Structure formats: C-alpha cells, structure tokens
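Here's a quick briefing to read alongside the model. Have the sequence and the 3D view open as you go.

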Amino acid sequence: QALELASAVALQRVFRGLQGRRLAASARLTLQWQLEQCSAVVIQRVWRGSRGRHVAAIMRSFAKLRAMEIKAATQLQGWWRGLQCKNLIEFMRIARNIKTQRESAAISIQRIFRGHKGKEELEVLRELGKNAATIAPLQQE
C-alpha cells in the first residue's frame, strides 16, 4: 500500500507538472500574442500618424501654392487692366485731338469760304456801283 501511494503521488506529480507546463506554455503563448497585438497596434498608430502628418504637410503646401497662384494671377490681372486703361486713355486722347483738328479744319474751311463769298459779293456790289448810272434808267422802265 505504501508503494501504491508513492506511485499514485508520483503519477499525480508528473501529471500536475505536465499540466502546469502546458498551462505555463499556454500563458506564454497568450502573453506573446498580446504583446504582438500591442506591438502591431503601436506600429499601425505610428505609421498612420506619420502618413497623416505627411498628407497634412502636402495639403498645406498645396494651399500655399494655390495662394501664391491667386496672388500672381491678381497681380497679372491688375497689370493687364492697367495697361488696357493706359491704351484706352491714349486712344481717347488721339480721338480728341483728331476731333479738334477736324473742327479746326471745318472752321478754317468755313472761314475761307465765307471770306471768298464776301469778296465775290463785294466785287458784285462794286460792279453794280460802277454800272449804277447805266442800270438806273433800265430799272425805271
């Protein structure tokens, strides 16, 4: 009976040792799996944060580039409109000068024509004055 008891105790010790080693191995695997999961989460978090910061930096660069494009376009439009206004003012000045020249030419033509007509009329009146003695008897008849 002592031998049976010793054998039973030995068998229980071996079985419980095996169970403990299996439980410890299972706990180690579970711990390893949890550690790997946490590590994966940390790696993913770091990667996503890095990628997000990179995308944000690119977006800021695009925003700055767009602002620079808008500023350059505004300056170019202002320069072009200024040039157009200068050309328009120059055109209006030339048109005003041409109008003034035409008016001056018309006035000169009218002045010369009226002077010529006045001289013709004066010449007719002088001729009438010279021939008034001859014309007077004809007018009475």
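This is a predicted model: local features need pLDDT of at least 70, side-chain atom pairs count only at pLDDT 80 or more; totals for chains, interfaces and linings use all residues.

Residues are numbered from 1 along each chain as its sequence is written, and side-chain values use heavy atoms, with hydrogens and water left out.

**Overall form**

- The protein chain has two helices and zero strands, both read as DSSP runs numbered from the N terminus (helices are H or I, at least four residues; strands are E, at least two).
- Its C-alpha trace spans about 195 × 25 × 5 Å along the principal axes.
- The radius of gyration is 59 Å, whereas a compact globule of 141 residues would come in near 14 Å; the radius is taken over C-alpha atoms, and the globule rule is 2.2 Å times the number of residues to the power 0.38.
- As for burial, 0% of the 141 residues count as buried (buried is under 20% relative accessible area, exposed over 50%, partly exposed in between, with a 1.4 Å probe and protein chains only).

**Salt bridges**

- Searching the whole structure turns up four salt bridges, each a side-chain nitrogen of Lys or Arg within 4 Å of a carboxyl oxygen of Asp or Glu.
- One of them joins Arg 66 to Glu 69, with the closest N and O atoms 3.4 Å apart. These two sit about one helical turn from each other because they are three residues apart in helix α1 (residues 2-130). Glu 69 is partly exposed, at 40% relative accessibility.
- Lys 117 pairs up with Glu 120, the closest N and O atoms being 3.5 Å apart. Both belong to helix α1, three residues apart, or about one turn of the helix. Lys 117 is partly exposed at 41%, and Glu 120 is partly exposed at 34%.
- Glu 127 and Lys 130 also meet through their side chains, at 3.9 Å from N to O. They too are three residues apart in helix α1, about one turn. Glu 127 is partly exposed at 39%, while Lys 130 counts as exposed at 63%.

**Nonpolar surface**

- Val 55, Ile 58, Met 59, Phe 62, Leu 65 and Met 68 make a nonpolar surface patch of about 590 Å². Patches take residues with over 30% relative accessible area and no salt bridge, joining like charges within 9 Å and nonpolar side chains (Val, Leu, Ile, Met, Phe, Trp, Tyr) within 5 Å.
- Met 68 is in helix α1 and counts as exposed, at 57% relative accessibility.

**Aromatics**

- There's one aromatic pair by the rule used here. The pair is tilted, because the rings of Trp 79 and Trp 80 have their centres 6.3 Å apart and their planes at 45°.
- That rule pairs rings of Phe, Tyr and Trp (its six-membered ring) with centres within 6.5 Å; planes under 30 degrees apart count as stacked, over 60 as edge-to-face, and the rest as tilted.
- Trp 79 is exposed at 54%, and Trp 80 is partly exposed at 46%.

**Cysteines**

- The structure holds zero disulfides, a disulfide being a pair of cysteine sulfur atoms within 2.5 Å.
- Cys 38 is partly exposed, with a relative accessible area of 49%; Cys 85 is partly exposed at 44%.

Notes: Accessible areas come from the Shrake-Rupley method with a 1.4 Å probe; for residues, only the protein chains shown count as cover.
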